[in-house]
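The entries follow the order in which I looked things up.

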Amino acid sequence: MIRRMMISLAVLAAAPVALAQSVVVYGEKVWTGTSQGTLENGVVVVENGRITSVGTAPARVPAGALEVRAEWVTPGLISAFSRTGLAEVSGVDNTNDGGAGKSAFSAALNAADGFNPDATPIAVTRLEGFTRLAVAPEAASKLFGGQGFLADTTGLDGSIFKERAFTYVVLGESGASLSGGSRPAAWASLRGAFDDVRFFGARYMSHNDGNVLTRMDAQALMPAVRGEQLILFQASRASDLNAIMDFQEENPSLKVAIVGADEGWRVAKRLAALEIPVIVDAFSNLPASFSQLAATSENAKRLAEAGVTVAIVHLENDSHQARLATQVAGNAVANGMPFDIAMKALTSAPAQIFGMTDLGVLAPGGRADVVAWDGDPLEVTSAPVAVYIDGESQPMVSRQTKLRDRYRTLDESERPMAFKR
């Protein structure tokens, strides 16, 4: 059994990220995410940042190509919801740009303005096989959190590839508390905000504020109200999910997705009929609040069986632990979700939800986000041994691995007191 690639990992770690060498990746199992399924002894060929062939034998091996051998090969994983890169230390306000509890603005807050590609969670997330992120702001003062964005995990300047990719709105218990104390107040705020946008000219002709939104907030919300931008609602209770679906039916042009949906299985058929995708944490199986009384470990499975597009994430501590989504997906498999559907929930489903063209699958012509693993990607003991983003080799190091290696090589007498056994 192959436990490591047949190349020097030290060379890979030291290689410049900008190096775009042709690569041929051999896998004992290659999970494609396409109609090809999982290939036994498969081969993925990458040239100029694109996948040129996927099969059981390469159509052509480019001259001078780097050859990589691994147990499993998959597309780069996609985190469908996190705040990775917005916070260095979640509990320290001046290092946390996720939310703005004292700001007069809400929908206009552009989370991309706070993104730090050098934040330590970026490399940690990349080392676990995640090559793309959907990053959401936090709703800290009003139910409108602001504008989310899409980024890669290279850690380079320019890694954001789509700003204002979606508007983030919190409903349910959290939305109620941010709107005056009740769900009716939250829905009145939401409908009032939509009216502010629809009657923008009349309401903002001589004033900076509408009934709910400032001028800047109303302008920022316009694409979502027109159906030109995805609205990502956060809610968990079945009645809240039904209310969102009622709102979508009242406004059929809206593009809607839901994050949370702990009781989604109870309304799964309606979600499927309206083609509303959900982003769930399959670890959420306890009644942690009155919005989660019907939470179950089978939520993801039941939603998928009903025909709902499901993405899987780890929602707890979402600024640093997006990487744990593979373990969450493995938990979903343990509770009845088919392996292929769980893998799609980490790859092609997030790509579909956020319109990430040519990502989330291994297919000729697709962008070459490719991960080589030393075992089953949904097993907690497995790890990537090589990560490629747009065909470029990524460093397999993080602050954590550097600290590990630094203190592993010291004698006991040389270790700082905090690291002594």
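Before reading any strand partners, I noted that two strands pair if DSSP finds at least two bridges between them. I also noted that what I was reading is a predicted model.

**Entry on the open sheet**

With that definition in hand, I looked up L133 and found that L133 stands opposite A151 in β7. The strands concerned are β6 and β7 (residues 144–152), which pair in the antiparallel sense over four bridges.

I then traced the whole sheet, which is open, has eight strands in the order β5-β6-β7-β8-β9-β10-β11-β12, and shows mixed pairing. Which strands stand at the edges? I found β5 (77–82) and β12 (310–312) there, each with a single partner strand, so one side of each is left without a neighbour in the sheet. From one strand to the next, the twist averages 25°.

**Entry on the helices against this sheet**

I next asked which strands helix α6 (residues 215–225) lies across.

**Entry on α4 and α7**

I looked up how helix α4 (residues 183–198) meets helix α7 (residues 238–250), and read a packing angle of about 20° with the axes 13 Å apart. Angles under 35 degrees count as roughly parallel, and α4 and α7 are therefore roughly parallel to each other. Their crossing is right-handed. On the α4 side the contact is made by R183, W187, L190, R191 and F194, and on the α7 side by D240, A243, I244, F247 and E250. Sorting the contact of α4 with α7 by class, I noted six nonpolar, no polar and four charged residues.

**Entry on A238**

**Entry on α2**

How many of the eight residues of helix α2 (residues 120–127) are buried? I found seven, so far as the 20% limit on relative accessible area decides it, and these are P121, I122, A123, V124, T125, R126 and L127. What covers them includes β6 (130–135), β14 (384–389) and α13 (399–408). Just after α2, I noted that G129 takes a positive phi of about 100°.

**Entry on β13**

Last, I looked at strand β13 (residues 370–373), where both faces are covered, with V370 and A372 buried on one side and V371 and W373 buried on the other. In a regular strand the side chains alternate between the two faces of the sheet. Strand β4 (residues 66–75) and β13 pair in the antiparallel sense over four bridges, and P75 stands opposite V370. β13 is also joined to β14 by four bridges, and these two strands run antiparallel, with P384 in β14 as the bridge partner of W373.

How values were computed:
Residues are numbered from 1 along each chain as its sequence is written. This is a predicted model: local features need pLDDT of at least 70, side-chain atom pairs count only at pLDDT 80 or more; totals for chains, interfaces and linings use all residues. Side-chain values use heavy atoms; hydrogens and water are left out. Axes are lines fitted to C-alpha atoms, for helices over the stretch in contact, and angles run from 0 to 180 degrees between N-to-C directions. Angles under 35 degrees count as roughly parallel, over 145 as roughly antiparallel, 65 to 115 as roughly perpendicular and the rest as oblique. A crossing is left-handed if the near helix is turned anticlockwise from the far one by less than a right angle, and right-handed if clockwise. Contact means heavy atoms within 4.5 Å. Ala, Val, Leu, Ile, Met, Phe, Trp, Tyr, Cys and Pro count as nonpolar, Asp, Glu, Lys and Arg as charged, and the others, Gly among them, as polar. Buried means under 20% relative accessible area, exposed over 50%, partly exposed in between (1.4 Å probe, protein chains only).
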